[in-house]
Amino acid sequence: MAEEIRQLQRALETRDVIGQAKGMLMERFDIDAAAAFDLQVRLSQTLSTPLAEPAHKLIQIDHPNR
């Protein structure tokens, strides 16, 4: 049960990071939510990393103190 709770907490954290990065991409490139998410997916696939990693890096670049 404890492991399941940890996984759910991680999933919520990951979702928030991906959503924040999606919003940043939407604003910067004047694209809709679907296009921003597709951009994140393509970047993740190109880098062979989980979706949250490039999203987190994007946020760090824009907000280095987070």
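Residues 24 or more positions apart account for 44% of the contacts in the chain with a separation of 6 or more, a contact being heavy atoms within 4.5 Å. The model is predicted: local features need pLDDT of at least 70 and side-chain atom pairs pLDDT 80 or more, while totals for chains, interfaces and linings use all residues. Residues are numbered from 1 along each chain as its sequence is written, and side-chain values use heavy atoms, leaving out hydrogens and water.

The chain has 3 helices and 0 strands, in the order α-α-α from the N terminus. Helices (H or I, at least four residues) and strands (E, at least two) are DSSP runs, numbered from the N terminus.

Buried residues (under 20% relative accessible area, 1.4 Å probe, protein chains only) make up 20% of the 66 residues. The C-alpha atoms fill a box of roughly 40 × 25 × 20 Å along the principal axes.

Helix 1 and helix 3 pack against each other with their axes 8 Å apart, at an angle of about 60°. Axes are lines fitted to C-alpha atoms over the stretch in contact, and angles run from 0 to 180 degrees between N-to-C directions. The two helices are therefore oblique to each other, the class left after under 35 degrees (roughly parallel), over 145 (roughly antiparallel) and 65 to 115 (roughly perpendicular).

| Helix | Residues | Residues in the contact |
|---|---|---|
| Helix 1 | residues 2-29 | Thr14, Val17, Ile18, Gln20, Ala21, Met24, Leu25, Arg28 |
| Helix 3 | residues 52-62 | Ala52, Ala55, His56, Leu58, Ile59, Asp62 |

Technical notes. Buried means under 20% relative accessible area, exposed over 50%, partly exposed in between (1.4 Å probe, protein chains only).
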